[in-house]
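Please have a look at the sequence and the fold before you read on.

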Amino acid sequence: MSSLSRDEVAHVAGLARIQLSDDELETFAGQLDSIVGFVASVSEVAADDIPPMSHPLPLTNVTRADEVQASLSAEEALAMAPASEQQRFAVPRILSED
């Protein structure tokens, strides 16, 4: 018997805006229950003497020192732009204001 009920799966599907048939609800209840069981088994393996990690290999972030350098003025940056407006790049509208 699945510890996740059909109603719980239907509730989660509703939150995700997914429409599922009755057969799919039954199938997914069993599958999601298996997934929850797999995740629980991983948490059982974790030992207190093993530190949590985000990656199995040690990683070092390669950074450089910040150096102040000359930058373009607004006029220089906009000089080659196809269109500008109020010292900004003018681009076509892609979203409506609904």
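The points below go from the whole chain down to single residues.

1. A word on the ground rules: this is a predicted model, so local features need pLDDT of at least 70 and side-chain atom pairs count only at pLDDT 80 or more, while totals for chains, interfaces and linings use all residues. Residues are numbered from 1 along each chain as its sequence is written, and side-chain values use heavy atoms, with hydrogens and water left out.

2. Let's start with the elements. The protein chain has three helices and two strands, and from the N terminus on they run α-α-α-β-β. Both kinds are DSSP runs numbered from the N terminus: helices are H or I with at least four residues, strands are E with at least two.

3. Now the overall form. Along its principal axes, the C-alpha trace spans about 70 × 50 × 15 Å.

4. How much of the chain is buried? Buried residues make up 6% of the 98 residues. Buried means under 20% relative accessible area, exposed means over 50%, and partly exposed is in between (1.4 Å probe, protein chains only). The chain exposes about 9,500 Å², with carbon and sulfur atoms supplying 58% of that area; accessible areas come from the Shrake-Rupley method with a 1.4 Å probe, and for residues only the protein chains shown count as cover.

5. Leucine 25 lies in helix α2 and counts as buried because its relative accessibility is 5%. What does leucine 25 contact, leaving aside its neighbours within four places in sequence? The partners are Arg6, Val9, Ala10 and Leu20, where contact means heavy atoms within 4.5 Å. Phenylalanine 89 is another matter: 64 residues along the chain from leucine 25, with 50 Å between the C-alpha atoms.

6. Leucine 32 is in helix α2 too, but it is partly exposed because its relative accessible area is 34%.

7. Finally, leucine 57 sits in the loop between α2 (22–45) and α3 (74–78). Is leucine 57 buried or exposed? Exposed, because its relative accessible area is 55%. From leucine 57 to glycine 37 is 20 residues in sequence and 27 Å in space, C-alpha to C-alpha.
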